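Subject: Structure handover

Hello,

Please find the structure below. My notes on it follow, starting with one loop and then moving on to the chain as a whole.

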Amino acid sequence: MAGKVFFSVSMSLDGFIAPESLEGFIAPEERRDDPDVQRWMAQWMELQQWIFPQRLFRENLKLGEGGEEGRDNDIARETFERTGASVMGKRMFDVGEQAWPEEAPFHTPVFVMTHETRDPWERPGGTTFHFVNDGIEHALDQAREAAGDRDVRIAGGGAMILEYVNAGLIDEFSIALSPVLFGSGIRLFEGVDAGRVALEQVRAEPTRRVTHLTYAVRER
């Protein structure tokens with residue numbers, strides 16, 4: 001039986017999954033001293049603060065031994081282990097290509113939506129990036145085949161997630177609701193087709209750092 005299609009993101013209390021888009025905030029190198037870049041990074045790190053201390057995060061990015069092993073770590077590990085393949089947008093890939101270590105942190109096939117034609121890019125540790133330029137459904141078909149009986153994760157960014165939600169292709173999603181306020185930024189559900197999407201709450205689990213919310217998605 002094919003697995004589920006899901007996404008899992010961190011979100012601020014006022015509904016944002018990233019600060020305002022900042023074109024080229026990673027490159028060129030000298031922009032790291034740009035106040036706007038520093039502000040973007042500070043907001044993003046505050047949003048994601050719950051994951052950085054976790055043992056799984058440290059193991060996956062080769063940051064050394066140790067790390068927390070509580071419920072946050074368990075949930076992060078469950079998400080990692082259920083994922084047999086991922087789909088992401090080109091902008092997310094462009095940022096990650098510069099930021100990820102040589103052994104990219106997915107360890108599964110990743111299908112990147114792009115308008116370009118590019119050969120697969122194989123990385124150490126089991127991650128191979130495949131570049132798809134003929135639509136989100138074709139990318140998902142390839143990801144399902146690669147994942148087998150495991151789940152397919154729509155990794156992001158926000159616009160890519162929204163495309164899959166509005167196409168009725170998401171089975172489930174999880175939000176790590178972080179106790180921060182952005183005021184502005186990229187909203188998770190900006191432009192959602194609310195008339196065709198119904199949600200059923202599966203789990204609400206608070207921890208010391210965030211509240212984990214899981215919803216099943218149904219057609220309205």
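Gly-157 sits in the loop between strand 7 and helix 6. The model is a predicted one, and in it the peptide bond joining Gly-156 and Gly-157 is cis, with omega at about -5°. Most peptide bonds are trans, and most residues other than glycine have a negative phi.

Lys-62, not a glycine, has a positive phi of about 55°. The loop between helix 2 (55–60) and helix 3 (71–82) holds Lys-62. Its relative accessible area is 57%, over the 50% cut-off, so Lys-62 counts as exposed. The other is His-107, where phi is positive and near 60°. His-107 belongs to the loop between helix 4 (90–99) and strand 4. With a relative accessible area of 24%, His-107 is partly exposed.

Overall form

The chain has six helices and eleven strands. Its C-alpha trace spans about 45 × 40 × 35 Å along the principal axes. For 220 residues a compact globule would have a radius of gyration near 17 Å, and the chain agrees with that, at 17 Å. Of the 220 residues, 44% are buried. Taking contacts between residues at least 6 apart in sequence, 63% join residues at least 24 apart.

The accessible surface amounts to about 11,500 Å², and carbon and sulfur atoms account for 50% of it. As for charge, there are 24 positive and 38 negative side chains, and the centres of the two sets are 4 Å apart.

Nonpolar cores

The largest nonpolar core has 31 residues, and those touching the most other members are Phe-7, Val-87, Val-152, Ile-154, Tyr-164, Ile-170 and Leu-188. Elements that each supply at least two residues of this core include strand 1 (5–12), strand 3 (83–89), strand 7 (151–156), helix 6 (158–166) and strand 11 (211–219). Helix 5 gives the most, with five residues. Another core lies apart from this one and has nine residues, among them Phe-93, Val-112, Phe-131 and Ala-155.

Which residues does Tyr-164 touch, not counting residues up to four places away in sequence? They are Val-87, Ile-136, Ala-139, Leu-140, Ile-154, Leu-169 and Ile-170.

Val-165 lies in helix 6. Its relative accessibility is 7%, under the 20% cut-off, and Val-165 therefore counts as buried. Leaving out residues up to four places away in sequence, Val-165 touches Phe-7, Ile-170, Val-192 and Val-197. Val-165 and Phe-7 are 158 residues apart along the chain, yet their C-alpha atoms are separated by 9.7 Å.

Leu-47 is in helix 1 (residues 35–47). Leu-47 is buried because its relative accessible area is 0%. Beyond its neighbours within four places in sequence, Leu-47 is in contact with Ser-10, Met-11, Ser-12, Phe-16, Ile-17, Ala-18, Ser-178, Val-180 and Phe-182. One of these, Ser-10, is 37 residues from Leu-47 along the chain, and the two C-alpha atoms are separated by 6.7 Å.

Regards

Notes. Residues numbered from 1 in each chain as written. Predicted model: local features only at pLDDT ≥ 70, side-chain atom pairs only at ≥ 80, totals over all residues. Heavy atoms only, no water. Helix = DSSP H or I, 4+ residues; strand = E, 2+ residues; numbered from the N terminus. Rg over C-alpha atoms; globule rule 2.2 N^0.38 Å. Buried < 20%, exposed > 50% of the residue type's maximum accessible area, 1.4 Å probe, protein only. Contact = heavy atoms within 4.5 Å. Areas by Shrake-Rupley, 256 points an atom, 1.4 Å probe, with all protein chains shown as cover. Lys, Arg positive; Asp, Glu negative; His and termini not counted. Charge placed at Lys NZ, Arg CZ, Asp CG, Glu CD. Core = buried A, V, L, I, M, F, W, Y, C linked by side-chain atoms within 4.5 Å.
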